[in-house]
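Subject: Structure handover

Hello,

Here is the structure I said I would pass on. My notes on it follow below.

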Amino acid sequence: MLTFLASEAARDLRRAGRVGLSAVLLITLSLAALGCFWLLSLNLGQAVAQWRERVRIVAYLRDEPRPAAVDDFLARVQALDGVQRVRFVSRAEALSSLKRSLGAQASVVDHLPRNPLPASIEVVPTPAAATPDGTRGLVERLAALSEVEEVQGGAEWVDSLAQWQRLFQLTGLGVGAVLALAAILTVTTATTLVLHARRDEMEIMRLVGATETVIRLPLLLQGMAQGLLGAAVALAALVGAHALVAPRVEPLLTLTLGLSRAVFLSAPEMMLLLAGGAMLGALGGLLAKGRAYS
Amino acid sequence: MISLRHVGKTFGAGPARHTALSDVSLTVEKAEFVILHGRSGAGKTTLLRLLYRDELPSEGEIEVAGFDVPALRRRQIPRLRRSIGIVFQDAKLLAGRTVFENIAFVLRVIGTPRKEITPRAFAALKAVGLSARAQAYPTQLSQGEAQRASLARAIAKSPLLLLADEPTGNLDEDMAGEILDVIRDIWQRGTTVLLATHQAGLADSLKRRTLTLHAGQLVKDQG
């Protein structure tokens with residue numbers, strides 16, 4: 001029976017002709033657009049997650065504590081809410097770090113009459129605290145310590161990156177939804193045409209005692225097949241575009257966002273896209289059925 | 001096989017109300033061949049449609065092949081219809097399928113096991129004398145052949161009851177005779193037949209029990 005239903009659905013798909021093809025194309029377009037924004041959002045999301053891990057707050061100290069007092073001071077900082085890790089940077093360590101970063105011009109430092117750099121602590125916030133509000137609170141707590149003179153650092157820019165990510169997500173969903181709606185309407189039209197073409201067949205089926213499931217399932221299946229086909233083409237287009245574009249934009253991504261490579265949809269995400277296409281098609285088939293029976 | 005008790009059917013309401021059948025009671029026994037005769041508009045088609053639950057009666061009780069027809073739920077209707085073969089004045093063959101495919105299609109949609117489809121379709125074609133035209137499309141058939149194909153489709157699922165609604169209405173005398181011969185063969189194999197016709201001559205020639213409908217009422221039960 002399943003083979004029969006599938007073959008009837010294939011027959012219906014052929015009957016849908018150009019309208020059926022348009023439906024497949026529209027589903028391809030809507031899912032490709034959705035997939036594009038999804039990919040952008042996915043890569044930005046990776047960057048955001050990566051940068052959240054790199055958020056550091058530096059607290060400059062009034063005076064360098066005595067070596068015996070460092071551990072006690074670090075333990076007090078570690079106990080503050082939102083602190084994942086803390087590292088003490090002595091004045092000498094700060095100076096050698098400056099020398100390293102100056103490279104060939106490091107000798108300039110040797111001409112200084114004394115070490116001008118203050119001792120500091122580098123605080124890594126917990127993931128929950130690596131947000132603008134979280135870091136603001138942590139900065140306030142650090143600034144309240146008597147040993148601390150000035151605090152620098154925050155996560156505002158990471159948040160603005162996250163806002164871009166949300167924007168891409170919303171735009172993707174909006175464009176995808178409009179195109180998906182058009183696709184559903186086209187599948188509905190294609191299925192309605194099939195229904196008209198199948199009118200005699202359905203009458204015979206009812207008269208001879210076919211169940212409603214057997215009569216209606218091919219319509220649903222052909223809608224699903226249109227959706228699945230559209231989603232598969234969209235996915236193939238996305239894979240092709242990613243393979244073509246990713247090597248060209250990866251250096252730029254590394255430079256701007258610190259991403260080593262442009263990521264693609266995972267296997268479950270690809271399955272979700274295919275299932276989304278099938279559902280769009282099935283919805284079109286269902287709506288046509290409702291229209292025909294109403 | 002068929003039992004109707006005080007069955008009535010009206011369409012519409014108010015001034016547009018039309019009574020198609022009124023207080024019809026009858027029984028048809030298993031393996032009986034019964035002619036339902038009446039002019040156009042007498043209520044023959046309505047009566048047949050009530051039997052295969054294409055319409056619900058306005059009043060009365062109907063029993064067909066053990067089914068309480070008006071009481072059937074929507075999902076139970078296919079079970080009733082699988083026990084009935086129906087033939088119309090126009091053959092209602094599917095244009096895009098060959099004669100064989102038309103029959104196989106019906107067997108498939110009612111869930112006949114795949115390996116049984118071909119032998120049963122060919123057996124039905126043989127029974128109506130149409131084996132040689134199995135691969136012909138409906139447009140390539142004469143009206144008589146199309147009606148025989150329609151009969152083959154109706155009997156392929158081995159129905160207990162054959163309802164024939166004006167099966168010879170579109171045919172000339174010779175072709176009509178051929179079709180009646182085929183229907184008689186089907187009946188002789190044990191299928192109950194209820195044949196509706198407006199042709200008085202045809203009813204007389206068959207020399208079978210004849211129910212006469214007039215203006216929605218059963219006026220004669222003869223033979």
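Leaving aside its neighbours within four places in sequence, which residues is Leu163(B) in contact with? They are Leu48(B), Leu51(B), Tyr52(B), Ile84(B), Ile86(B) and Leu194(B), where a contact means two C-beta atoms, placed from the backbone, that lie within 7 Å.

Some conventions before the rest. This is a predicted model, in which local features need pLDDT of at least 70 and side-chain atom pairs count only at pLDDT 80 or more, while totals for chains, interfaces and linings use all residues. Residues are numbered from 1 along each chain as its sequence is written, and chains are lettered from A and ligands numbered from 1 in the order in which they are written.

The cores

Leu163(B) belongs to the largest nonpolar core, which has 70 residues. A nonpolar core is a set of buried Ala, Val, Leu, Ile, Met, Phe, Trp, Tyr and Cys residues joined through C-beta atoms within 7 Å. Buried means that 20 or more other C-beta atoms lie within 10 Å of the residue's own, exposed means 12 or fewer, and partly exposed is in between, with C-beta atoms placed from the backbone. Together with Leu163(B), the members that touch the most others are Leu36(B), Leu51(B), Ile103(B), Ala152(B), Val193(B) and Leu194(B). H3(B) gives the most to this core, namely eight residues. Another core, of 36 residues, lies apart from it and includes Val24(A), Ile27(A), Leu219(A) and Met224(A).

Chain B

Chain B has seven helices and 10 strands; these are DSSP runs numbered from the N terminus, helices being H or I of at least four residues and strands E of at least two. Of its 223 residues, 44% count as buried. Four strands of chain B form an open sheet in the order S2-S1-S4-S5, with antiparallel pairing; strands pair if DSSP finds at least two bridges between them. Strands S2 (18–28) and S5 (67–68) of chain B are at the edges with a single partner strand each, so one side of each has no neighbour in the sheet. Within the sheet, five bridges join S1 (residues 2–11) of chain B to S4 (residues 59–64) of chain B, and Leu4(B) stands opposite Ile62(B).

Where the chains meet

On the side of chain B, 13 residues are in contact with 12 residues of chain A. Helices H2 (77–82) and H3 (99–109) of chain B each supply at least two residues of that side, and the largest share, four residues, comes from H2(B).

Chain A

In chain A, strand S3 (residues 120–125) pairs in the antiparallel sense with S1 (residues 57–61) over four bridges. Six bridges join S3(A) to S2 (residues 83–89) of chain A, also antiparallel. Val58(A) has Glu122(A) as its bridge partner in S3(A), and Val83(A) stands opposite Pro125(A).

Regards
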